[in-house]
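Dear colleague,

I am handing over the structure that we talked about, and I would be grateful if you could look through it before reading on. My notes come after it.

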Amino acid sequence: MEISKKNKFVEFLKNYWIYLTVAVVILVVAITVGVLAGGQSVPTTTPNLEFSLPMNEATIVKDYSSTELQENQTLNQWEAHLSVDFASDNADVFSVLDGTVSDVSYDILNGYTVEITHAGGFVSQYASLAEEPEVAKGDQVLSGQKIGTAGNSASFESYLDNHLHFTLLLDDKAVDPNNYLDLQNK
Ligand SMILES: [Zn+2]
């Protein structure tokens with residue numbers, strides 16, 4: 001009885017020793033990697049999440065509102081405005097954060113638009129720009145870097161004249177830029 005049991009165990013080892021060895025090696029490697037990764041702080045570059053303003057000396061000509069409807073005199077309708085409109089004598093438009101230009105586009109409603117993708121799930125969109133924004137898709141930009149000029153290319157807001165239609169997205173949802181940018185105290 002005892003002998004037959006022992007034989008079975010020896011048989012088992014003979015057949016499967018290679019798998020056992022591999023399993024032990026994987027376990028040891030996994031534990032080593034885990035200890036190293038957990039025990040040391042891996043140096044990472046902290047992204048700059050300090051927002052700067054998209055325009056200098058700007059006036060808010062239309063603020064963000066998600067619930068209160070505002071009149072759109074071009075479309076002659078009342079609507080939510082999930083963006084902030086800026087106008088300024090200085091028409092330069094700047095990136096609000098470090099990031100990568102993820103899109104430069106034109107359509108009749110929004111006009112010339114630059115989209116910049118940032119760290120932390122933020123995306124900023126600059127619509128109603130003048131023709132030929134100064135950046136191209138794939139460009140790396142810094143916070144405060146000029147990306148274009150405010151214009152009147154967004155036909156859905158043409159009654160506002162030259163302005164920047166600025167939208168801030170967090171995880172694909174429009175958020176109130178007032179919660180991130182110091183817009184009211186300039
Ligand atoms: Zn607008």
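What follows is a description of the metal site, the charged pairs, the aromatic pairs and a surface patch.

Please keep in mind that this is a predicted model, in which local features need pLDDT of at least 70 and side-chain atom pairs count only at pLDDT 80 or more, while totals for chains, interfaces and linings use all residues. Residues are numbered from 1 along each chain as its sequence is written, and side-chain values use heavy atoms, with hydrogens and water left out.

I begin with the metal. The zinc ion is coordinated by His81 through NE2, by Asp85 through two OD entries, by Glu157 through two OE entries and by His165 through ND1, at 2.0 to 2.4 Å. Donors here are N, O and S atoms within 2.8 Å of the metal (3.2 Å for Na, K and Ca), and since water is not among the atoms, sites may look incomplete. The angles among the six donor atoms run from 58 to 150°, and the site of the zinc ion is irregular. Along the sequence, the donor residues of the zinc ion follow the spacing H-x3-D-x71-E-x7-H. Helices (H or I, at least four residues) and strands (E, at least two) are DSSP runs, numbered from the N terminus. Asp85 is buried at 0% relative accessibility, and His165 is also buried, at 7%; buried means under 20% relative accessible area, exposed over 50%, and partly exposed in between, with a 1.4 Å probe and protein chains only.

I turn next to the charged pairs. There are four salt bridges, each being a side-chain nitrogen of Lys or Arg within 4 Å of a carboxyl oxygen of Asp or Glu. In one of them Lys62 pairs with Glu79, and their closest N and O atoms are 3.7 Å apart. Because Lys62 belongs to strand β1 (residues 59–62) and Glu79 to strand β3 (residues 77–81), this pair ties together parts that are 17 residues apart in sequence. Lys62 is buried, with a relative accessible area of 4%, and Glu79 is buried as well, with 14%.

Lys146 takes part in a salt bridge with Asp92, where the closest N and O atoms are 3.1 Å apart. Lys146 lies in strand β10 (residues 146–149) and Asp92 in strand β5 (residues 92–94), so parts that are 54 residues apart in sequence are tied together. Lys146 is partly exposed at 28%, and Asp92 is partly exposed at 22%. Lys146 also meets Glu134 in a salt bridge, at 3.1 Å from N to O. That pair links distant parts of the chain, since Glu134 sits in the loop between β8 (122–129) and β9 (140–141) and Lys146 in strand β10, 12 residues apart. Glu134 is partly exposed, at 47% relative accessibility. Through shared partners, salt bridges also join Lys62, Glu79 and Glu157 into one network.

The aromatic side chains come next. Six aromatic pairs are counted, where rings of Phe, Tyr and Trp (its six-membered ring) pair if their centres lie within 6.5 Å, and planes under 30 degrees apart are stacked, over 60 edge-to-face and the rest tilted. The rings of Phe51 and Phe122 have centres 5.2 Å apart and planes at 85°, so this pair is edge-to-face. Phe51 is in the loop between α1 (2–39) and β1, and Phe122 is in strand β8, 71 residues apart. Phe51, Phe122 and Tyr180 form one aromatic cluster.

Finally, there is a nonpolar patch on the surface, formed by Tyr16, Trp17, Ile18, Tyr19, Val22 and Ile26, with about 660 Å² of accessible area together. Trp17 lies in helix α1. Patches are made of residues with over 30% relative accessible area and no salt bridge, with like charges joined within 9 Å and nonpolar side chains (Val, Leu, Ile, Met, Phe, Trp, Tyr) within 5 Å; accessible areas come from the Shrake-Rupley method with a 1.4 Å probe, and for residues only the protein chains shown count as cover.

Technical notes: Tetrahedral: all angles 85-135°; square planar, octahedral: opposite > 155°, others 65-115°.
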